[in-house]
Amino acid sequence: MSLKYAVLAALLEGEASGYELSKLFDVSFANFWASTPQQLYRELERLARDGLVEARVVRQERRPDKRMFSLTEAGRRDLAGFAAEPPKRPTAIRDELLIKIQAMDGVDPEATRALVEERMTWARGKLARYARVRDRLLDGRTEEEYLSEADRIGPYLTLMGGIAFEEENLRWCERVLTVLRRRAPLS
């Protein structure tokens, strides 16, 4: 999948500037699709050229003008077609830490332990951010109320996927640390 559909999906939230989309990606999309601001701006230009989004200029005092992007009907149709198709290939994990763990035998176990603990710190940080996003989405409602009443549930469902991923990351890290502690006398 290209960044194209991630950007189109983000614009379902409403009109946004490139900067606002970048922030949205940092908060809501980071659990499943990473992108740099430069990639987002290039993609927005392509989407505008292809007629899938439209841009309007907003004049600002004491700040540079900004461009606000929104989905066109053609963009909505393209996104709807994409959303109905099965994924082209299954998810593949590409994780540098897993390569390091694969190659850890003969390496100082303390170095490996530090890498795993760092991953745990990242996972906990993401879970804290996701909890804030969840609270903002729920806005005082229960999860069941939200899922039955909200206009859009896709952002919440992807958030649940990100939470599950990071919780599993923590479980795996804890297991790795347990194995390393048990093996410590052997090294």
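**Side chains, helices and surface**

Me: How many helical turns separate K100 and E96 in helix α5?
Reply: Helices here are DSSP runs of H or I with at least four residues, strands are runs of E with at least two, and both are numbered from the N terminus. K100 and E96 are four residues apart in helix α5, so their separation is about one helical turn.

Me: What kind of model is this?
Reply: Residues are numbered from 1 along each chain as its sequence is written, and side-chain values use heavy atoms, with hydrogens and water left out. Local features need pLDDT of at least 70, side-chain atom pairs count only at pLDDT 80 or more, and totals for chains, interfaces and linings use all residues, since this is a predicted model.

Me: How far apart are the closest N and O atoms of K100 and E96?
Reply: The two residues form a salt bridge, meaning a side-chain nitrogen of Lys or Arg within 4 Å of a carboxyl oxygen of Asp or Glu. Accessibility is split into buried (under 20% relative accessible area), exposed (over 50%) and partly exposed in between, using a 1.4 Å probe and protein chains only. K100 is partly exposed at 39%, whereas E96 is exposed at 58%. Their closest N and O atoms are separated by 3.5 Å.

Me: Which residue pairs with R119 in a salt bridge?
Reply: R119 is buried, at 14% relative accessible area, and it lies in helix α6. Its partner is in the loop between α4 and α5, 24 residues away, so the pair links distant parts of the chain. At 2.8 Å from N to O, that partner is D95.

Me: How many salt bridges does a search of the whole structure find?
Reply: Another of the pairs is E143 with R134, at 3.7 Å from N to O. E143 is partly exposed at 26%, and R134 is partly exposed at 28%. The number of salt bridges found in the whole structure is 15.

Me: How are the rings of Y5 and F82 arranged, and how many aromatic pairs are there?
Reply: Rings of Phe, Tyr and Trp (its six-membered ring) pair if their centres lie within 6.5 Å; planes under 30 degrees apart are stacked, over 60 edge-to-face, and the rest tilted. This rule gives two aromatic pairs. With centres 4.0 Å apart and planes at 5 degrees, Y5 and F82 are stacked.

Me: Which helices does the Y5 and F82 pair tie together?
Reply: Y5 is buried at 16%, and F82 is partly exposed at 25%. The two are 77 residues apart in sequence, so their pairing ties together α1 (residues 3-10) and α4 (residues 73-84).

Me: What is the arrangement of the rings of Y146 and Y156?
Reply: Y146 is in helix α7 (residues 143-149) and Y156 in helix α8 (residues 154-183), 10 residues apart in sequence. Both are buried. Their ring centres are 5.2 Å apart and their planes meet at 45 degrees, so the pair is tilted.

Me: Which strand holds S70?
Reply: S70 is buried at 17%. Leaving aside residues up to four places away in sequence, S70 touches L11, E15, L52, V53 and E54. The strand, residues 66-71, is β3.

Definitions and conventions:
Contact means heavy atoms within 4.5 Å.
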